[in-house]
Structures are given as structure tokens and as C-alpha cells.
Amino acid sequence: MQAKKRYLILLSAGACLVLLFYLGGVQLPAASRSRHDRSRNGHRLEQPWPHFSDPLHPFLPWDQTDTEDYNLHISPRQKRDINTSVYKGKRCRMDSCFDFSLCRKNGFKVYVYPQQKGEKISESYQNILSTIEGSRFYTSDPGQACLFVLSLDTLDRDQLSPQYVHNLKTKVQNLPLWNDGRNHLIFNLYSGTWPDYTEDLGFDIGQAMLAKASISTENFRPNFDVSIPLFSKEHPRTGGERGYLKYNSIPPFRKYMLVFKGKRYLTGIGSDTRNALYHVHNAEDVVLLTTCKHGKDWQKHKDARCDKDNAEYDKYDYKEMLHNSTFCLVPRGRRLGSFRFLEALQAACVPVMLSNGWELPFSEIIDWNTAAVIGDERLLLQIPTTVRSIHQDKILSLRQQTQFLWEAYFSSVEKIVLTTLEIIQDRVLEHASRSSLMWNSHPGGLFALPQYSGYLGDFPFYYDTLGIRPYPKFTAVIHAVSPLVSQSQPILKLLAAVAKSQYCAQIIVLWNCDKPLPAKHRWPATSVPVIVIEGENKVMSSRFLPYEIIVTDAVLSLDEDTVLSTTEVDFAFTVWQSFPERIVGYPARSHFWDSNKERWGYTSKWTNDYSMVLTGAAIYHRYYHFLYTNYLPTSLKSMVDQLANCEDILMNFLVSAVTKLPPIKVTQKKQYKETMMGQSSRASRWADPDHFAQRQTCMNKFASWFGAMPLVHSQMRLDPVLFKDQVSILRKKYRDIERL
């Protein structure tokens, strides 16, 4: 048996060797000589196994590969793609077609070319340029720019469109800073024309990046181009309407399960999917309506279904369908993108994408699986079954995410443009880029600035996600504008009361007074550090600078004449720990719409609701100091500094714009207003009618910049448990509040 096994093993090994020799897998020593004979024979023998001693082929940049040797190894289609303008920069990526050195000196700054005389610009493109020029990224000096944007309108490159700009190729090439498009960004909504609607822009974009609607995955250059949504000329420049989801209904089902209403193309590109929708339309909970009644010659091309489709189409109101459907079908049109996409998002109607090959808007940062259903045009008949199988919990989650994404990135031209710029900035400043969580969760990437910190726990929005709590102490910042002339001044009493709080880590006195700093011995001795610093330029906005000496998450902002007890401070901080993303405090104010004057009004009257908590006695997260300084435009901060007023209103606008929530007022202190009016340092300000008029003006100026009124009314006030209850005062934790 042993001998038989050995013979079998030898026989198997021999057979394997013969097979290897036959297939050429093992080279005989003589084969090495054939390597020297290849040049004489004029051809090269194939080598199934690589010889690693062979010299490596040199790396060729993308723009130097159009040579005879290189083209021997590419397909005819690749050759054709390279030679057409739409594909010429196909190999462009940030590391090969972007000059990072332009961004190192001055950071991420964007330059917009001056508008050329006689050049027409569409309203939509003007909105894009105005947004850039009004942003914190803008620079008027091309020498400081990291990114360049054309003033030539490139949005509509359909030759049949009245917005089409002729001779764009020559105009672009003549720009002095063009440099083959390097570090340039081109915005485009429509490309190509009848009948094939290609993605050719009609001019050579060179090494420029594209911010393009309806871009295909085939032509999209990952981490270089930006896919943007198709938006109409009526899309608001700033602000924009909020989403239509007012409350969460459980179960989250609506009248219709799946709807669509739009054009049907009888011939040409984009006609197949819409022509087949009637197969799944049941006129009950799946209502998919099309009409061929569009264009001048529709009757010449109409088919047997046109009259029936048109009659059914006119029976339904589109908005009623949109607001009463769980899912909205978003099929491709002539181009991959569709207006239906943004309409569905706003209406909290979960989009069902039916556009194969479409690179979805902002796909680099947005996880669309959390807000949409990605379908396949080839499996149209399975769509109703698929959406019916989605669990109601998932539907609710999808619907909520549509509202977040709409309000964070799509509700205005400004948000679309700023999101585009922030994406590119994240690529340029890769060490300070946003995580996927920051982009896909509240408040979104536009309000979560990664330059503040690389750790999510340093922001006020992610505590619950991370399972952590904010630091259990606060830093008090007292804004001082009056000289220290007496030991009985309110600021000294306030300082002593705050220092006694068990949650106080340190006190910073911001000296914005014209008089010199008081001597150290003038300040009372306390159990916590007291740091006195001079305000930068003695302006109001300096109270919201992101001072490095603020080491706690919470900031207790105080005016010098505020009257608060230690108990009130402790209770306010305890409440804030449960609402770290909001302003929590005492003095409340409200806004209202004056229909007679058609403007926003400001009131300090005692009413049943409020929308602001003034920063004269309020707690908020220190991140808002960074956001106030780095997010808000210089124009608003300069206005505040010139008036020496309204900084508290502006901070409330900012926090409400971020959170979409009102501030929180804690236990009412009825004598607060009267006490403040009695103080010498600020009495004239509160009694001065000009001061009140200035605040009215500020309200409207701020609302104009934000594009809408971000303030939210609230009727909620938080009191301590057992507050005013008929029980023994000894049983109450914050008993001193009732004695005030």
C-alpha cells in the first residue's frame, strides 16, 4: 500500500509538471536568451508571469498621455472621450488639477470675476454670484483667492434657450486668470440640447471643477466635481420656506402611497420610463399621471393614450397630491435631474428615485439612503411592492430626514451655493473637514464649522449621539462698561453672588470701559479665579469673541448691572445642562409682525409668549461665540458695534437659526426690569426712545440677512419643582428663588 501511494504521488507530480510546461507556466533556462532576441525579431513574446527586474514605466500626468505609445493601450471609445470637450478633464482630481498653494496663505477665499459690460446674466446666476459676494469666503483681490468663479453665465448651455451665452469658448479663453481652468468653479444647470441632451457645455472647461445639475455618474469626477440639484428661477435667493412637515403622524401613512404628475415624452431620450408609468397607476393609492400636451407640435406626435392620459391628468391637483402622499416618484426627464426632487423633499414626501446613472445632489456628503428610496428604471413594476414593504418606523425616519436636508442644504440658492463651497473647502482643508455625522445630522454642515474643533463632543449638538454630557461647570463673562468708583456698585455684588455658585469655574470681566483697568485689589476676593481682560477695540461684539481662556462648555453672559442671586444662577445652569444647544436665561423679549408698517417689531412688554432671552443674564454654549465671530458677516457685526446696541438680539437670531427652536426662559423675576431701570450705568439706554428704535431697525436688518425670521415664539417657562407649591419651604431645593 505504501509503495502504491508513492507511485501515485510521483505520477501526479509528473503530470502537473508536464501540464505546466505545456501551458508555458514554467520557463526553461533557454527562454532567457529569447529576451535578447526580441528586438531582432521585431516583436515581443508574451510573458504570463511578470519580471520584476524590468524597469517601471514612468508615471504620466493626465494631460501628457495623448501620445502614440499611450494611445496603443486605450480603447477607441476612450480616445473619443478624451478628444471631446466634455471629457477632456476626465482624469482631473484635486491632487492633479488643483493648486493647493493658492489656499495656504489666505485660506479658502473665493474671487468672482468682474461683470463684463454688455454681458447678460440670468436672475438665477446673479443670485449665485450675489451669494458668493455676500459670504465670508469672498475676496475682491484675485491675489488672495483660492477659488475663482466666472461672471459669464454658464447656467444654461442649451443652444435653444434664450439664456444661452454665445461665443463662450472665446470669452473664457481670453480671461487673464483662466490658466486652463485651474482652481476655477463652473456652475451649470442645463447642458446639451435636442435631441440627445449630452452633458457638453459647448466650451472647453479645461481643469475647472463643475458644480452641475443632472450630472451622470459616468462623467462625474469624484471628489472634484459637485453634483447640485436642479432648481427653478423662482427658487428663493435666501431664507426659503420651511418644510411642510408640521407634526409627526403615527402611523406615518397618507392618503396616497405613491404619486407623480408631469410631462410624458413620446419620443427621444427620457421617454421610456414615463411612457411606462401607466402600467402601475391604479387611480387609488398609486396615482401616476402624465400628459403629452406640451410643446408646439404635441398633437402631431400624440399616441393612442394621449387623450385618456390628458383627461386623467386634469382631474388631480398637484399640490394636493404632493402634500398627501407618503412617497413621490422622481423619474428622469430629458435630463437626469428633475424639479420634482426638491418639491418632494420640501413636502416631506419621500422621493423614490427613478433615474439610472444620476449622481445625486451633494452625494459626496449626504447619505441619501436615509432620506430617499433609490429605484431602478428597469424594475418599474416592482416599485409599488417595494414601497409598500417599507416599515412605518423607517418611513417616519425617511420623512424626518427629508425635512432636515431640505432646510439645511436646499431651501434657497444661498444654501445650495454655500454647501458647494463648504464641500470644496473641506477638500482643501482636509485636516479640518466635517465628518459624515456633521453633514447628515442636525444642525448640518453649514452651522457645524470644523475649524472650531475636530472632536464632536466640543459642539452642543452631539451630546446625545455620543452618550456624553457637557462639562458640569460654567464660565461667567461679565460685560463692564462703567468705571469702578464704588465698592457698592452692582457689578461687585453680582461678582460675589456668581462666585458662590457651586457650578462656577471662573469669572471673566470684559473691560469695555474707556477708563483704565482698576487695580487688582479693587476686586473682591472670591473662591474662583477672576480674570479681567480688556475688550478688543472696546466694541459690543467683543463680548462674543471666542476667548481661549473660556475652558468650559457653558458661558454665563452677564451685564454689569444684572441682579441675580446664587440660587438663580444655579437653577439656570441646571436647566441649561438639559438643553445645551439653546439659550437659557431670565430677561425675555418678543418680536411681532407690524402689518401697518409691514415690518418686524420688537417689544419688551410682559406678554404670554417670548422669542428672545437677552444675553444680559443668559447661559449658552461657548461654540456660539465662535459661530458669532466666524459665521456672521462683518456688516452685521459692524452695525452692532456702531450702534453699541443689538448684540443680544443678533445672538438670539443666530442660535434660533441654528436650532430652529426658541430659547428657554427660567423662573420669572418680576423686579428684573424695574431693577435694571434703576441702575445708573444703563438707565439712560433703557429709557432712551432712540435705543428702542435702534432695536426695531436691527430686527429688520437681521431678518433681511437671514432671508427669513428665524426667531420662534414660546410660551414655556421652566420653574423649579415645588415652586410656589403649598409645602414646607425646607423641602424645596431652590427655596431662595421664592423669597426674591
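Here is a short chat about the predicted model above.

Me: What kind of model is this, and from which number are residues counted along each chain?
Reply: It's a predicted model, where local features need pLDDT of at least 70, side-chain atom pairs count only at pLDDT 80 or more, and totals for chains, interfaces and linings use all residues. Side-chain values use heavy atoms, with hydrogens and water left out, and residues in each chain, as its sequence is written, are numbered from 1.

Me: How many helices and strands does the protein have?
Reply: Both are DSSP runs numbered from the N terminus: helices are H or I with at least four residues, strands are E with at least two. Going by that, the secondary structure comes to 26 helices and 23 strands.

Me: What share of the residues in the protein is buried?
Reply: Buried means under 20% relative accessible area, exposed means over 50%, and partly exposed is in between (1.4 Å probe, protein chains only). Of the 740 residues in the protein, the buried share is 52%.

Me: At what angle do H21 and H23 pack?
Reply: Two packed helices are described by the angle between their axes and the distance between the axes. The axes are lines fitted to C-alpha atoms, for helices over the stretch in contact, and angles run from 0 to 180 degrees between N-to-C directions. H21 covers residues 623–630 and H23 covers residues 647–659; their axes are 11 Å apart. The angle is about 105 degrees.

Me: Which word describes how H21 and H23 lie to each other?
Reply: Angles under 35 degrees count as roughly parallel, over 145 as roughly antiparallel, 65 to 115 as roughly perpendicular and the rest as oblique. With an angle of about 105 degrees, H21 and H23 are therefore roughly perpendicular.

Me: Which residues of H21 make the contact with H23?
Reply: Contact means heavy atoms within 4.5 Å. On the H23 side, the residues include Leu 650, Met 651 and Leu 654. On the H21 side they are Tyr 624, His 625, Leu 627 and Tyr 628.

Me: Where do the buried residues of H22 sit around its axis?
Reply: In H22 (residues 634–643), Leu 636, Lys 637, Met 639 and Val 640 are buried. They cover an arc of only 155 degrees, taken from the directions from the helix axis to the C-beta atoms. So they are on the same side of H22.

Me: What covers that buried side, and which exposed residues does the face turned away from it carry?
Reply: The cover over the buried residues of H22 includes H21, H23 and helix H26 (689–706). The face turned away carries the exposed residues Thr 634 and Gln 642.

Me: Is Asn 179 buried or exposed?
Reply: Asn 179 is in the loop between helix H8 (168–173) and strand E4 (184–188). Its phi is positive, near 50 degrees. Because its relative accessibility is 56%, Asn 179 counts as exposed.

Me: What is the relative accessible area of Lys 660?
Reply: Lys 660 is found in the loop between H23 and strand E22 (664–666), and its phi is near 60 degrees, a positive value. Lys 660 is partly exposed, with a relative accessible area of 25%.

Me: Which two residues does the cis peptide bond with omega of about 5 degrees join?
Reply: Most peptide bonds are trans. The bond joins His 442 and Pro 443.
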